[in-house]
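The sequence and the model are shown first, and the points follow by topic.

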Amino acid sequence: MAVPGGGRKEDSFNVLDLAEYTKNRPWWRKVFAPSSGSSAEKYNVATQLVIGGVTGWCTGFIFQKVGKLAATAVGGGFFLLQIANHTGYIKVDWKLVERDVNKAKQQLKFHSSGNKMPPEVKSKVDEVITFLKKNVILTGGFAGGFLLGMAS
């Protein structure tokens with residue numbers, strides 16, 4: 001490359017292997033900008049509490065409404081099944097129900113005895129715990145907002 005003085009300037013470029021660069025980074029750093037760290041690094045305490053509280057309240061409020069709807073649907077379904085059974089539209093084989101419930105209990109006892117987590121689940125749990133430890137104030141605001149949302 002010619003430089004205005006008659007000399008020649010050597011260009012040097014650094015090659016960045018993106019596969020190696022992204023292999024050792026968490027998924028949220030891949031999705032967001034490299035400067036996106038924990039919220040403790042970017043926001044002050046009041047902002048973290050407000051963000052956590054508002055998102056927690058919204059989540060709690062929606063959780064409460066969906067929970068009520070689900071409980072009403074399940075309860076109404078059981079109610080209609082009991083009415084249909086009482087009026088004779090449905091005949092329930094209670095011996096078969098009892099046998100199936102006992103079989104399910106045995107399977108639950110068998111599966112809960114080997115209480116080992118798969119390594120994929122363990123790594124995700126560790127990732128969540130690390131996130132919660134880095135963002136304690138945001139997490140506290142979310143928990144408080146969630147409880148307020150459930151109560152409203």
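A residue is called buried when its relative accessible area is under 20%, exposed when it is over 50%, and partly exposed in between, with a 1.4 Å probe and protein chains only. By that definition, Q48, G52, G53, G56, G60, Q64 and A84 are the buried residues of α4. The model is a predicted one, in which local features need pLDDT of at least 70 and side-chain atom pairs count only at pLDDT 80 or more, while totals for chains, interfaces and linings use all residues. Numbering runs from 1 along each chain as its sequence is written, and side-chain values use heavy atoms, with hydrogens and water left out.

**Overall fold**

- The protein chain has seven helices and zero strands, where helices (H or I, at least four residues) and strands (E, at least two) are DSSP runs numbered from the N terminus.
- Along the sequence, the pattern reads α-α-α-α-α-α-α.
- Of the 152 residues in the protein chain, 11% are buried.
- Contact means heavy atoms within 4.5 Å. Among contacts with a separation of 6 or more, 67% join residues 24 or more positions apart.

**Surface**

- The protein chain exposes about 12,700 Å², and carbon and sulfur atoms supply 68% of that area. Accessible areas come from the Shrake-Rupley method with a 1.4 Å probe, and for residues only the protein chains shown count as cover.
- V74, F78, L81, Y89, I90, V92, W94, V97 and V101 make a nonpolar surface patch of about 910 Å².
- Patches are made of residues with over 30% relative accessible area and no salt bridge; like charges are joined within 9 Å, and nonpolar side chains (Val, Leu, Ile, Met, Phe, Trp, Tyr) within 5 Å.
- Helices α4 (45-87) and α5 (94-113) each contribute at least two residues to the nonpolar patch.
- Y89, one of the patch residues, sits in the loop between α4 and α5. The relative accessible area of Y89 is 73%, so Y89 counts as exposed.

- Just after α4, G88 adopts a positive phi of about 100°.

**Helix α7**

- L138, G141, G145 and G149 are buried in α7. Viewed down the axis of α7, these buried residues fall within an arc of 70°, so they line one face of the helix. The arc is that of the directions from the helix axis to the C-beta atoms.
- V136, L147 and A151 are exposed on the other side of α7.
- L148 also belongs to helix α7. With a relative accessible area of 57%, L148 is exposed.
- L148 and G56 are 92 residues apart along the chain, and their C-alpha atoms are separated by 8.2 Å.

**Salt bridges**

- Side chains of opposite charge can pair when their charged atoms come close.
- A salt bridge is defined as a side-chain nitrogen of Lys or Arg within 4 Å of a carboxyl oxygen of Asp or Glu. The structure holds three of them.
- D100 pairs with R99, with 3.8 Å between the closest N and O atoms. D100 is partly exposed, at 36% relative accessibility.
- D126 and K122 form a salt bridge at 4.0 Å, N to O. Both residues lie in helix α6 (residues 119-134), four residues apart, about one turn of the helix. D126 is partly exposed at 38% relative accessibility, and K122 is partly exposed at 43%.
- K124 and E127 form a salt bridge whose closest N and O atoms are 3.9 Å apart. K124 and E127 are also both in helix α6, three residues apart, about one turn of the helix. Relative accessibility is 48% for K124, which is partly exposed, and 24% for E127, which is partly exposed.

- M117 is located in the loop between α5 and α6, and at 48% relative accessibility M117 counts as partly exposed.
- Apart from its neighbours within four places in sequence, M117 is in contact with K122 and V125. K122 is the partner of D126 in a salt bridge.
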